[in-house]
Amino acid sequence: MLAYNKKYVDFCNDINRGQIVSEIQDALQRGFSESEKKAFRVSLSAVKNALSNVQIPDEAQVGLELRVPLTNKRIDFIIAGEDDKNQKNVIIVELKQWEKVKHTDMSDIVLLGMDERVHPSWQAYSYGTTITNFNEYVEENPINLYTCCFLHDYRTEYSDEIKNEVYSEGLYKSPAFIDDEWVKFAKFIGSKIINPPKENILYKLVNGRIKPSKFLIDCLSDSLTGNSKIELIGQQRIAFSNLKREIETALKTRDRKVIIVKGGAGTGKSLIAMHLLGALHEKGKTAFYVAKSSYIKESYFKMLTRDIPDYKVLRALFRGSGDFHKEQFNGDKQFDCLIVDEAHRLTQKTKVSFMYYGENQIQEIIHASIVSVFFIDETQQIDIKDFGTVENIKKAAIAENATVIEDDKYVLKSQFRCNGSDEYINWVESILYNKKIEPMTEIMDYDIRLFDSLPQMHEAIKKKNNETKNACRMLSGDVFPWLSMNDKSRIDIVLDGFVAQWNKSKAFAVDPNSIDEVGCIHTSQGMEFEYVGLIVGNDILYKDGKVETDYTMHPPGSGEFRRPHQRKPKREDAPILDRLIRNTYKVLFTRGQKGLYLYVMDPKLREYLRTEIERLRKTQERLKAYADKISGTK
């Protein structure tokens with residue numbers, strides 16, 4: 001979590017002795033390129049030289065490369081101490097070696113050469129707010145957390161670009177200091193770090209428990225009213241600002257646009273969609289959030305009815321993907337913008353009971369709007385009828401004479417699920433898709449446990465649910481018939497002394513009474529929880545040294561594997577069904593923000609996972625022991 005944690009005087013000595021790079025390199029256990037080493041030396045030396053203009057106490061604490069909670073982002077420089085009133089202060093500094101940028105018309109994006117980058121003031125500010133929102137130590141202790149950026153090489157003749165009035169809000173929240181402002185930067189730090197801290201602030205901050213994470217839906221009302229406390233970070237912010245500008249421009253010219261936003265699980269697609277809906281709603285635009293899954297919409301509705309006085313107005317902003325075929329929709333009317341989340345789950349036709357309507361959900365959505373935005377991850381397709389692909393979106397756009405925008409700025413790569421651990425995601429993919437397990441170099445900071453008793457796992461999840469205020473759930477692979485769907489008295493799951501029903505309501509993810517129920521892929525895709533207790537069904541097994549699937553373990557009535565108008569899956573679809581099962585478990589394995597508890601039905605798969613989890617545990621213990629040794633926390 002923190003690559004370097006020393007007193008200010010030791011930091012200065014390490015700079016003077018030329019040891020700072022090796023200290024960081026050893027802590028992170030990875031090599032740096034020559035350009036990376038130079039960047040560390042130049043930027044950190046600049047900080048040290050700038051701060052020599054003020055009296056920073058020797059015992060002040062300096063941290064380098066602190067990982068931001070729930071993300072894989074790292075803070076360049078952080079310093080902690082007390083002011084003249086003995087108030088504990090922490091200052092986050094984003095360091096840049098930029099010499100010049102060009103301003104844009106977006107309030108948080110600059111041009112570095114031809115590349116769009118988040119303005120460093122907003123970058124630092126987003127890191128600070130994320131720590132404030134998710135770190136229990138910061139919440140429960142009187143700590144002031146400040147942010148700023150130091151562009152030590154930035155040329156003064158271009159100050160009007162980096163400090164353009166379009167960035168006034170970000171600069172107010174998180175000031176930027178450039179080439180001729182080294183003393184100003186030092187005074188900003190020095191005014192808040194006057195006395196040494198009476199406790200090890202950085203150590204406590206790093207080890208502070210991550211607060212129960214805010215569900216995406218917990219910030220729904222704030223997003224819709226333009227007051228979201230959850231800040232977009234990195235690529236999320238670049239994508240959002242460009243989307244907002246693209247849509248506003250298209251609405252002025254009435255040019256029909258189709259924008260494709262790609263990103264894997266946890267990259268922030270739904271969060272961007274919510275921010276976008278809120279921004280357009282605030283501007284008075286006829287914009288709607290569209291999703292195929294009624295489970296997602298019902299969860300949002302339940303939150304709206306609970307927290308917002310005028311929820312009925314906001315509830316109307318959520319539409320189903322099947323609302324736009326000609327039997328439902330007046331084609332003479334066009335909405336300003338339709339924001340399609342989980343676009344990979346769109347179907348070709350709209351199924352209502354036993355009837356199918358429309359011809360192409362994607363084309364119908366494009367037809368109904370001036371601008372349509374599709375958030376998509378094709379690796380999350382879990383049903384053979386899933387029709388949402390980039391190729392099909394492009395074909396539909398051509399048919400509607402709409403311009404397709406598919407750009408690198410709309411490709412999200414950094415994931416913020418599973419405590420921001422790329423290591424964990426890589427581990428899951430290696431297990432489920434029989435990939436080589438890559439050596440780990442970072443502490444995973446994710447709680448994964450295997451249970452031999454299903455009732456014990458359920459009790460552990462219930463305990464976590466009480467601790468996290470209704471933020472944990474039981475989930476399962478779809479291998480149990482839904483007997484209670486038509487008879488509420490029947491039990492769906494009887495296994496290892498555990499009895500339960502599938503979810504009773506579509507608002508399973510937020511219903512406080514659903515902890516004793518079990519959710520499936522449909523109730524959990526697009527949602528997130530603190531901890532998940534997952535029943536890994538016998539549709540996935542370990543055989544001949546690799547993970548395989550068996551679609552015949554699904555109940556005969558399951559619809560995921562049947563094409564329209566078919567009563568059962570086709571044998572020739574077996575390769576597709578194999579991929580769908582693996583995709584389903586990847587989604588289920590990544591619903592827990594902080595931990596996953598597993599009960600595995602196949603004995604051989606259980607033992608394989610036990611071996612891999614134990615290997616994972618030992619690797620993590622070794623990395624943590626090394627990190628503790630480097631940071632001097634033991």
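Helices (H or I, at least four residues) and strands (E, at least two) are DSSP runs, numbered from the N terminus. The model is predicted: local features need pLDDT of at least 70, side-chain atom pairs count only at pLDDT 80 or more, and totals for chains, interfaces and linings use all residues. Residues are numbered from 1 along each chain as its sequence is written, and side-chain values use heavy atoms, without hydrogens and water.

**Figure 1. Overview of the predicted protein, which has 21 helices and 27 strands.** Of the 634 residues of the protein, 59% count as buried (under 20% relative accessible area, with exposed meaning over 50% and partly exposed in between; 1.4 Å probe, protein chains only). Contacts (heavy atoms within 4.5 Å) between residues at least 6 apart in sequence include 75% that join residues at least 24 apart.

**Figure 2. The open sheet β5-β6-β7, built from three strands in antiparallel pairing.** The edges of this sheet are β5 (102-103) and β7 (115-118), each of which pairs on one side only. Strand β6, residues 109-112, is joined to β7 by four bridges in the antiparallel sense. Within that pairing, Val110 has Arg117 of β7 as its bridge partner.

**Figure 3. The packing of helix α11 (residues 235-253) with helix α12 (residues 269-282).** The axes of α11 and α12 are 10 Å apart, and the two helices pack at an angle of about 35°. On the α11 side, the contact is made by Gln236, Ala239, Phe240, Leu243, Lys244 and Ile247. On the α12 side, Leu271, Ile272, His275, Leu276, Ala279 and Leu280 take part. These contact residues divide into nine nonpolar, two polar and one charged (Ala, Val, Leu, Ile, Met, Phe, Trp, Tyr, Cys and Pro count as nonpolar, Asp, Glu, Lys and Arg as charged, and the others, Gly among them, as polar).

**Figure 4. The open sheet β19-β27-β24-β20-β23, with five strands in parallel pairing.** Strands β19 (447-450) and β23 (518-519) form the edges, each pairing on one side only. Strand β20, residues 472-476, pairs with β23 in the parallel sense over two bridges. In this pairing Leu475 stands opposite Gly519 of β23. Helix α18 (residues 454-467) packs on the sheet and touches β20, β24 (529-536) and β27 (592-600). The direction of α18 makes about 150° with that of β20. Helix α20 (residues 574-589) also packs on the sheet, touching β20, β24 and β27, and its direction makes about 145° with that of β24.

**Figure 5. The hairpin of strands β25 and β26.** Strand β25 (residues 540-543) pairs with strand β26 (residues 546-549) over four bridges in the antiparallel sense. Ile540 stands opposite Thr549 of β26. Two residues lie between the strands of this hairpin, and Asp544 in the turn has a positive phi of about 55°.

**Figure 6. His554 in the loop between β26 and α20.** His554 counts as buried because its relative accessibility is 11%. Not counting residues up to four places away in sequence, His554 touches Asp478, Val479, Asp539, Phe561 and Ile581.

**Figure 7. Thr389 in the loop between β16 (369-376) and α16 (390-399).** Thr389 has a relative accessibility of 19% and therefore counts as buried. When neighbours within four places in sequence are left aside, Thr389 is in contact with Ile376, Glu378 and Gln381.

**Figure 8. The buried residues of helix α8 (residues 182-190).** Phe185, Ala186, Phe188, Ile189 and Gly190 are the buried residues of α8. These residues pack against α3 (34-51) and against the strands β3 (74-82), β4 (88-96), β8 (143-151) and β9 (176-177).

**Figure 9. Glu65 in strand β2 (residues 61-67).** Glu65 is buried, with a relative accessible area of 11%. Asn5 is 60 residues away from Glu65 along the chain, and the C-alpha atoms of the two residues are separated by 9.5 Å.

**Figure 10. The buried cysteines Cys12 and Cys337.** Cys12 counts as buried at 13% relative accessibility. Cys337 counts as buried at 1% relative accessibility.

Notes: Axes fitted to C-alpha atoms, helices over the stretch in contact; angles between N-to-C directions. Pairing = 2+ DSSP bridges.
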